[in-house]
Amino acid sequence: MNEKETKRISKFLSLLLRHQPDKIGLTLDKNGWAFVEELISKSKKSGTWFSMEDLEFVVKTNDKQRFAFNEDKTKIRANQGHSLKNVEVLTEIKEPPTFLYHGTVAKFISSIKEKGLQKMSRQHVHLSADKETAIKVASRRGKPIILTIRTGEMYREKHPFFQSENGVWLTDQVPTKYIEF
């Protein structure tokens, strides 16, 4: 499968598994899992064709590891980034490293200084374990600005943290007092 086709399927999966499963009538359970057979079948009916082999390739090669199969590959889900209110992928609170990072761009800095980091339309604020990942994420929107988050301090003060299967750290919000600009 070529890079263009891989990207097309990945974007389609992100749309369905993170934001709009109803676009093709796909059912997600409370943890975000969809049956693979239903996904492939309903995708084909909507005009987007891919095989199980294509799906396996996209899941395996996605640079951000956005998707995961269950053990027997009968179900698939997005690892994080959901805007759906009835899906909760993460339930186990984890202690984060002392510092995590968030990549943003200049146009959001004044709002972040005023309100902190907000989850906006997503379920969580996304944080990276290393600056390089935060730079890569922010670069999609312009010149990256990397914020250092004092997550160890947040955790000690009872802010819950979760870690997705692909290593992204998630929390409900980051108040300004924990952000180093």
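**View 1. The lining of the second largest pocket, by residue class.** In this predicted model, the lining of the second largest pocket has eight charged, five polar and two nonpolar residues. Asp, Glu, Lys and Arg count as charged; Ala, Val, Leu, Ile, Met, Phe, Trp, Tyr, Cys and Pro as nonpolar; the others, Gly among them, as polar. The second largest pocket holds about 390 Å³ of space. Of its 15 lining residues, K7, S10, N62, D63 and R66 are the closest to its centre. The elements that give two or more residues to this lining are α1 (3-19) and α3 (52-61). α1 gives the most, with seven residues. Helices (H or I, at least four residues) and strands (E, at least two) are DSSP runs, numbered from the N terminus. On a 1 Å grid over the protein atoms alone, a pocket is an open set of points with protein on both sides within 12 Å along at least five of seven lines; a cavity is a set where a 1.4 Å probe fits but cannot get out; lining residues have an atom within 4 Å of a point. Grid points are joined across faces, edges and corners, and a volume is the space filled by probe spheres set on the points.

Residues are numbered from 1 along each chain as its sequence is written, and side-chain values use heavy atoms, without hydrogens or water. Because the model is predicted, local features need pLDDT of at least 70 and side-chain atom pairs count only at pLDDT 80 or more, while totals for chains, interfaces and linings use all residues.

**View 2. The largest pocket.** Its volume is about 1,100 Å³. The lining of the largest pocket comprises 39 residues, and H102, R122, H126, V137 and R141 lie nearest the centre. Two or more lining residues come from each of β4 (100-104), α4 (106-115), β5 (117-118), β6 (125-127) and α5 (131-139). α5 gives the most, with five residues. By class, the lining of the largest pocket divides into 15 polar, 13 nonpolar and eleven charged residues.

**View 3. The largest cavity.** The structure holds one cavity of 30 Å³ or more. About 50 Å³ of space lies in the largest cavity. Ten residues line it, with Q80, G81, H82, Q123 and H124 the closest to its centre. The lining of the largest cavity has six polar residues, three nonpolar and one charged.

View 4. L55, V58 and V59 are the buried residues of α3 (buried, under 20% relative accessible area; exposed, over 50%; partly exposed, in between; 1.4 Å probe, protein chains only). They lie on the same side of α3 because they cover an arc of only 95° around the axis, the arc being that of the directions from the helix axis to the C-beta atoms. The face turned away from the buried side carries the exposed residues E53 and K60. The buried residues of α3 pack against α1, α2 (36-45), β2 (67-69) and β3 (75-78) (contact, heavy atoms within 4.5 Å). At the start of α3, a side-chain oxygen of S51 comes to within 3.3 Å of the backbone nitrogen of E53.

View 5. S128 sits in the loop between β6 and α5. S128 counts as buried, at 12% relative accessibility. Leaving aside residues up to four places away in sequence, S128 touches L100, Y101, T133 and A134. Most residues other than glycine have a negative phi. Q65, in the loop between α3 and β2, has a positive phi near 50°. Q65 is partly exposed, at 32% relative accessible area. K73 lies in the loop between β2 and β3, and its phi is positive, about 60°. K73 is partly exposed, with 37% relative accessibility.

Technical notes. Polar contact = N/O pair within 3.5 Å; in protein donor to acceptor, adjacent residues only side chain to side chain.
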